[in-house]
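Hi there,

Here is the structure I promised to send over. Have a look at it first, and then read on for what I found.

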Amino acid sequence: MPLFKRTPFGLAKPPEDLEPSELVYRVRFTKEIFCDYQEYLNRINLYRERIWMCKSTGKSNLTYEEALVSEKHAIQKVQQLPNELVAPALHIIQYSMLSLRDLADLIAKKLQKDLFVGAELHGRKDGDLYPCRVLKIVENGSGKIQYEVALLGKDKKITENIILHGDDLVWKKTPFSRNILKSFIRESTCRSIPWVLHDKLAQKHGISTDFPEELRSRFFFQDGQLVNRTKKRKNENRNNVGEANGESGESKRKKRETGNPDTESNQPEEEPIKYPIDDLLVKPGPDDPFFTDRPSLSRDFNVPMDCVGDLLMVWDFCSSFSRVLNLSPFSLEDFENAICHKDSNLVLIMETHSALLRLLIKDGGEYSLTLQKKKRKSKISLVTWTEYICDFLEMINITELCSYMSTIKRGHYGLLEPNAKLTILCELVCHALETDLIRGKLDELIEQRQTLGATRRGEALEYARKKREEKEQLKSEPDALVKENSMESTGSNPQIAENGDQTGEMVEEDVSSRQSNAFHNSRTQLNGQSKKAEKQNVDPKAEAENTTNSNEKEAQKQQSGEKKEDPEKSKEKREQRREYFQREMEKRNVRTDPLGKDRDYNRYWWFRRDGRIFVESCDSKQWGYYSAKEEVDLLISSLNPKGERERALQKQLEKFYDKISTELQKRSKDLAQKIALEEAVLRRSTRVRAPPRENPANAFLKYVNKWKED
């Protein structure tokens, strides 16, 4: 049961004396029943708050239902522990004083030594390690335990059975993760530190429930509960202090619960809500901005509504891996029209199937072996492509798809329903994703993205280092120049230094004035004072050296000033590099993720190669799309940032707003041109019968695969 403030939460008791015809309200996941709607609503809102904790995993900030699901998954994983290991683990847990982490580590170490039937590990044979599975535990006459194991090959197929000693069997990783063991510990105990097993569980496995002697000095039982003596003593001392100050334990308890007991009207103030929260809990507030109505979705798909998701998945895969498939890209509208067309030898459909089938043949997997058995040629043509599809359907042996084979063999592939065509293509895509070519391409893209990311971080660190050095240099320059000028005024002429008091006073006075005035003014004053002093007794050689040194320093300063980059150009260059990295990272996108979800868990998808924003309902049964910039503007202004999901969706839409707007405007322009061409064709067709392929709506009929392999 999920925990509320780390304690079990009691469910509401069912109402008594219910009439058969009485209206009640039932909570779906707790089976609680309420007669009053307001009570039901309050309980539902409480369950939707992120204040619950999963008892099995310790995860917090969950809703009640999320905590229930987390517990269910944890229990399923805990049940994977073999029965042979449960009792040894429970013996370790009973009355242990270790922390949860240390206790899980201790159990993991001990379980590695206890091998069990079905354990998959590595066995040592002829000096090498091979994956194997324990089949049987064998005891020889000398009392030593040996294990009959099966050596495993590819796909975990048994290649050989051998007998090995326990020392020859090695775990390369722990059989069970620490999180599973933590969940097992929590599920098995009713108290922590010392960990105490449930009585029924301890009795089932024959584990003693007698409290150990070494812990009796620290703990004792009171009303059937284990109590820490030290904490009990501290609580008693605190109560004694309160009574000495005139407060009883009961009054202190009331004070903690209600605040000040002397003023009944002093109720605890409600804490302000910290947004964002779950979208379903957001209520309208007086400070809310004006939210526009959500624009209505366009749903004019040619394929059935339940096929839109498959259509998008197949098209996105073919577009993303078009180079690997040697399939030149095509628009989503052309693909949708081709799927719904009844022509059996449509080039776009034939090339799409052929590209996926060629990929499976190149991979040399199960499909390639099937073709070799049938002695088929590896070249797929416009005449034979349906035969290769039938071979693929025979190989996967799915009853629903095999029923289409008779229609395909008769040469009537185009007569299949769109959902049948898309189901076949989905199966081809799923098998293509498992090929080495696609996996290699994915690894390559991931590696390139990592390299780009590392380069971008390196440039950012280098820029930050340079800025830091410039700041340090600016801080150090005034001090260095003050020191340099003071040395020039006192050390440039030895005879002036002999005058002592007069020159020293001038330098001190000048340094103080430099600290209070701007640098160039103070330098002018210092040079003027130095010239006055030199008039008293001038050395020609020293004067010549000073002039030469000052000229060299000015030249160096001018040279360094020329090398200094213009800040505006530097900023522009950094912006160009940022855009370059972002552009290159987008080119190497491994998969398309949804932009986010709205209040009702509808998912929003944006495909860069199409431009439209597609909306998928929470049950994936309904689809729609936005195809205009104005619709996107209304969508953004209709989202409430107080909700977690809509806040995240709004951020993603604003992040890609410029790109989405550009693509939608381009799409609107192309659509206007297409409509104009269709009207022109229609006008011309009233005078002269125009060929059907000239109509822009039939552009998919003219598709040519320009990237096809010879």
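In this predicted model, 57% of the contacts with a separation of 6 or more are made by residues 24 or more positions apart. The protein has 710 residues, and 34% of them count as buried. Its secondary structure comes to 26 helices and 18 strands.

Let me start with the cores. The largest nonpolar core holds 64 residues, and the ones that touch the most other members are Phe335, Tyr367, Phe392, Leu393, Ile408, Ile424 and Phe614. Helix H12 gives this core its largest share, 9 residues. There is also a second, separate core of 35 residues, with Leu103, Ile162, Phe176 and Leu181 among them. As general background, nonpolar side chains in soluble globular proteins tend to be buried together.

Phe614 is worth a click. Leaving out residues up to four places away in sequence, Phe614 touches Phe301, Leu312, Leu332, Arg603, Tyr604, Trp605, Phe607, Trp623, Gly624 and Tyr625.

Next, a residue in H12 itself. His353 is found in this helix, which covers residues 347-363. Is His353 buried or exposed? His353 counts as buried, because its relative accessibility is 0%, and the cut-off for buried is under 20%. Beyond four places in sequence, His353 touches Trp385, Ile389, Tyr413, Ile424, Leu425 and Leu428. One of these contacts, Ile424, is also on the list of residues touching the most other members of the largest core.

Leu81 takes us to a loop, the one between helix H2 (64-78) and helix H3 (83-93). Leu81 has a relative accessibility of 7%, so this residue counts as buried too. Which residues does Leu81 contact, leaving aside neighbours within four places in sequence? They are Val86, Phe176, Leu181 and Phe184. Phe176 and Leu181 are both included in the second core. Leu81 and Leu181 are 100 residues apart in sequence, while their C-alpha atoms are 9.1 Å apart in space.

Strand E6 (residues 120-125) pairs with strand E7 (residues 128-139) in the antiparallel sense, over 6 bridges. Within this pairing, Arg124 stands opposite Leu129 in E7. The hairpin of E6 and E7 has 2 residues between the strands, and Asp126 there takes a positive phi near 55 degrees. On to the next pairing: E7 and strand E8 (residues 145-152) run antiparallel and are joined by 7 bridges. Here Glu139 has Ile145 in E8 as its bridge partner.

Last comes helix H25, residues 644-655. From first C-alpha to last, its 12 residues reach 17 Å, close to the 16 Å expected at 1.5 Å a residue. Buried in H25 are Arg645, Glu646, Leu649, Gln650 and Leu653. Why do these count as lying on the same side of H25? Because they cover an arc of only 130 degrees around the axis. The general rule behind such a pattern is that an α-helix has 3.6 residues a turn, so residues three or four places apart point the same way. The face of H25 turned away from the buried side carries Lys651 and Lys655, which are exposed.

Technical notes
Residues numbered from 1 in each chain as written. Predicted model: local features only at pLDDT ≥ 70, side-chain atom pairs only at ≥ 80, totals over all residues. Heavy atoms only, no water. Helix = DSSP H or I, 4+ residues; strand = E, 2+ residues; numbered from the N terminus. Buried < 20%, exposed > 50% of the residue type's maximum accessible area, 1.4 Å probe, protein only. Contact = heavy atoms within 4.5 Å. Expected span 1.5 Å × (residues − 1). Arc of directions from axis to C-beta. Pairing = 2+ DSSP bridges. Core = buried A, V, L, I, M, F, W, Y, C linked by side-chain atoms within 4.5 Å.
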